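Work through the exercises below with the sequence and the structure open beside you, and try each task before you read its solution.

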Amino acid sequence: MGTSVAFGCPECGRKVRLKSRSPGRRIRCRGCGTLVEVPFFPRNVGRRRSRRPRWRRWTPIGVGMAVVVLMPVMAWRWWQGSIRADRSEAIAQAMARMDQAERLGDPSAAFLAADAALAVARESALEPPGGLDRLIRRRDELAIADVAAQLDALPDRPAREAMEQARAIAERSASDPALGTLMGRAGQALSEAARRWTDEQLGLAQSALAAGNPAEALALSDRLAGDLDRPPAAPVAAARERLRGFVAGLVRSNGILIEPIELTAGPAGSPDDSYRSALRQVIRDACVRHGYLPAPPDSPLAGLWDEAPFRFRTTLTEQYGASYLQSPHQTTLIRTELQLDRSGRTAWSNYFEARTRIPLPGLSALESSRMEIGSEVSREIEHRFARDARADLIEKLQIKLGSLPRPASR
């Protein structure tokens, strides 16, 4: 909708008002009645141009961009300052704990506090109260006092606990330059603790051997070997030699080396490792019951069994057996040879056969009838025959091993 405009009548001068611009149109003046022509009126398009300087218009934008850029920088600096303040406070608190523990005569707690303060100071590159060099000297002095106090307390501790503590001290002394002067003393303490623990355990082992229980004597010795078979080796070398000498005596009288089972697989294929493990465990258990001493599994003393006087060998041969009833399927037959040697001579041997049982345990009447009338051989059925024969072997093996002679009877 247009805006109202006005012009003066050229005859009488009275204002003539118009509701819209209509240049060239003739209208009648209400004052004198003369027809007059509407003049041309220019239009005001758009707003009046601002006369403000340009820099005033761009100032808010510049301020906003500066805020966007500077705020993260300021936040980062504030955060870093907050972290440094927190770490400075952590250093101060750790040093306060150090002073308090030192006053209470607790060098271990004082050392831990000093070590914590030094670690934070170095990590954050902050200067602790009194300076970094002073804190380093105090930390080293407290480390020496802490280790010296622990070494002094070792003779009053139980033998195994003292040995473990002495080993930890020896390892700590080797890794901390400040404790270099205590390395010799730590090694001597470990050697003494190992001697005490070896005396205690070998005493129990000798008592078990005297009571006719060589297996218990070997078990005690193997546990002791595990305790001694850890670095550092030099301080416990004497204790290890004593132990090896004792176990070597057990091996010379009762040691037995159970050789890997020789197995020739039949048509059903080779059994899995669990089957061999089960057979080996049956043999091992029987040997132990009869007074023989197999090498403990994964023992650091296992090398001593290279000179064991007894050897046990097992040879298995799997093959087809008789036909199963009237079916085309063949059962499994396992020929088994057992031999115990002493110093290269046969001390005991046994031979037996294990076979698929007829009727096969677990075979349903429907499966049995299908086997009898069927003309094709089922590999799955033959695998079942082999598994049953192997189960029969384990049962018979346990019985046959009952006749093993004892080492003393030879």
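**Exercise 1: two helices side by side**

Task: Find how the axes of helix α8 (residues 273-289) and helix α10 (residues 379-400) cross, and which residues meet.

Solution: In this predicted model, the axes of α8 and α10 come within 10 Å and cross at roughly 10°. Angles under 35 degrees count as roughly parallel, and therefore α8 is roughly parallel to α10. On the side of α8, the residues that take part are Y275, A278, L279, V282 and I283, and they meet R390, L393, I394, L397 and Q398 in α10. Sorted by class, the contact of α8 with α10 has eight nonpolar residues, one polar and one charged.

**Exercise 2: the span of a helix**

Task: Work out what span helix α5 (residues 183-210) should have, and compare this with the distance between its end C-alpha atoms.

Solution: Helix α5 has 28 residues, and at 1.5 Å a residue it should span 40 Å. The end C-alpha atoms of α5 are 40 Å apart, which agrees with the expectation. After the helix comes G212, whose phi is positive, near 80°.

**Exercise 3: the buried residues of α5**

Task: Which residues of α5 are buried, and which helices do they pack against?

Solution: The buried residues of α5 are A186, G187, A189, L190, A193, A194, W197, T198, Q201, L202, A205 and A208. To read such a list, recall that an α-helix has 3.6 residues a turn, so residues three or four places apart point the same way. The buried residues of α5 pack against α3 (132-153), α4 (159-175), α6 (214-228) and α7 (237-254).

**Exercise 4: α3 against α5**

Task: Describe the packing of α3 and α5 by angle, distance and handedness.

Solution: The axes of α3 and α5 are 11 Å apart, and the two helices pack at an angle of about 25°. They are therefore roughly parallel to each other, and their crossing is left-handed. A148, L151 and D152 of α3 make the contact with R185, A186 and A189 of α5. By class, the residues of this contact divide into four nonpolar, no polar and two charged.

**Exercise 5: cis peptide bonds**

Task: What is omega for the peptide bond from P231 to P232 and for the one that joins I358 and P359?

Solution: The peptide bond from P231 to P232 is cis, with omega near -5°, and P232 is found in the loop between α6 and α7. The bond that joins I358 and P359 is also cis, with omega about 0°. P359 has its place in the loop between β10 (345-355) and α9 (365-373).

How values were computed: Residues numbered from 1 in each chain as written. Predicted model: local features only at pLDDT ≥ 70, side-chain atom pairs only at ≥ 80, totals over all residues. Heavy atoms only, no water. Helix = DSSP H or I, 4+ residues; strand = E, 2+ residues; numbered from the N terminus. Expected span 1.5 Å × (residues − 1). Buried < 20%, exposed > 50% of the residue type's maximum accessible area, 1.4 Å probe, protein only. Contact = heavy atoms within 4.5 Å. Axes fitted to C-alpha atoms, helices over the stretch in contact; angles between N-to-C directions. Parallel < 35°, antiparallel > 145°, perpendicular 65-115°, else oblique. Nonpolar A, V, L, I, M, F, W, Y, C, P; charged D, E, K, R; others polar. Left-handed = near helix turned anticlockwise from the far one by under 90°.
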